[in-house]
Amino acid sequence: MWVIVHAMSGMALGAVLGSAGVGFPLWGILLASLAAHALLDIVPHWDYTRRRRAWAWALADTLAAALALGLAWLILDLPGYVVWAGLISAAPDLDVLDAVLPFKKHRRLFPSHWKPYPHGKTGSLPGTVIQGLVVTGSVVVLLLAL
Ligand SMILES: [Zn+2]
């Protein structure tokens, strides 16, 4: 999934797990955020990494994630565990940056990016709608949990 989707879903998960009623420790929230990345990569979605001008998609996606995390941290003043969860959930997608760079190494460190992993795939329209729904759901959960 796109970086922004992992950033938003990570923040939502962090908000739930770190809330007073649940009270996960930070290390548990961060581990859960990584696990959520791997689970969301199973959901059928559309990746731009094989598109023409993939670098532009990657740049826009990464900037959107950075903007969302920066907004959460600096403007909305959300708790640190929420911002860290979003950052850690999005971080494994740095793994696929080489797919959009001129030189191809195809070295993957995060397990959900390895070949045998059941990485979900679908067409561009349903794959984008699904990711939009995950972002929308994440915003709702984030608002409810804080
Ligand atoms: Zn991924």
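Start by selecting helix α2, residues 26-40, together with helix α4, residues 80-90. In this predicted model, the two pack at an angle of about 35°, and their axes lie 8 Å apart. Look at the crossing: α2 passes α4 in a right-handed way.

Now show the side chains between them. On the α2 side, pick Leu 26, Ile 29, Leu 30, Ser 33, Leu 34, Ala 36 and His 37. They meet Tyr 81, Trp 84, Ala 85, Ile 88 and Ser 89 of α4. This contact holds nine nonpolar residues, three polar ones and no charged ones.

Which residues of α1 meet α4? Select Val 3, His 6, Ala 7, Met 8, Ser 9, Gly 10, Met 11, Leu 13, Gly 14, Ala 15 and Gly 18. Their partners in α4 include Tyr 81, Trp 84, Ala 85, Ile 88 and Ala 90. The residues of this contact divide into 13 nonpolar, seven polar and no charged.

How far does α1 reach from its first C-alpha to its last? Its 16 residues span 22 Å, close to the 22 Å expected at 1.5 Å a residue. Bring back the surroundings. Is α1 enclosed or open? Of its 16 residues, 16 are buried, so α1 is largely enclosed by the rest of the structure.

Definitions and conventions: Residues numbered from 1 in each chain as written. Predicted model: local features only at pLDDT ≥ 70, side-chain atom pairs only at ≥ 80, totals over all residues. Axes fitted to C-alpha atoms, helices over the stretch in contact; angles between N-to-C directions. Helix = DSSP H or I, 4+ residues; strand = E, 2+ residues; numbered from the N terminus. Left-handed = near helix turned anticlockwise from the far one by under 90°. Contact = placed C-beta atoms within 7 Å. Nonpolar A, V, L, I, M, F, W, Y, C, P; charged D, E, K, R; others polar. Expected span 1.5 Å × (residues − 1). Buried ≥ 20, exposed ≤ 12 C-beta atoms within 10 Å, placed from the backbone.
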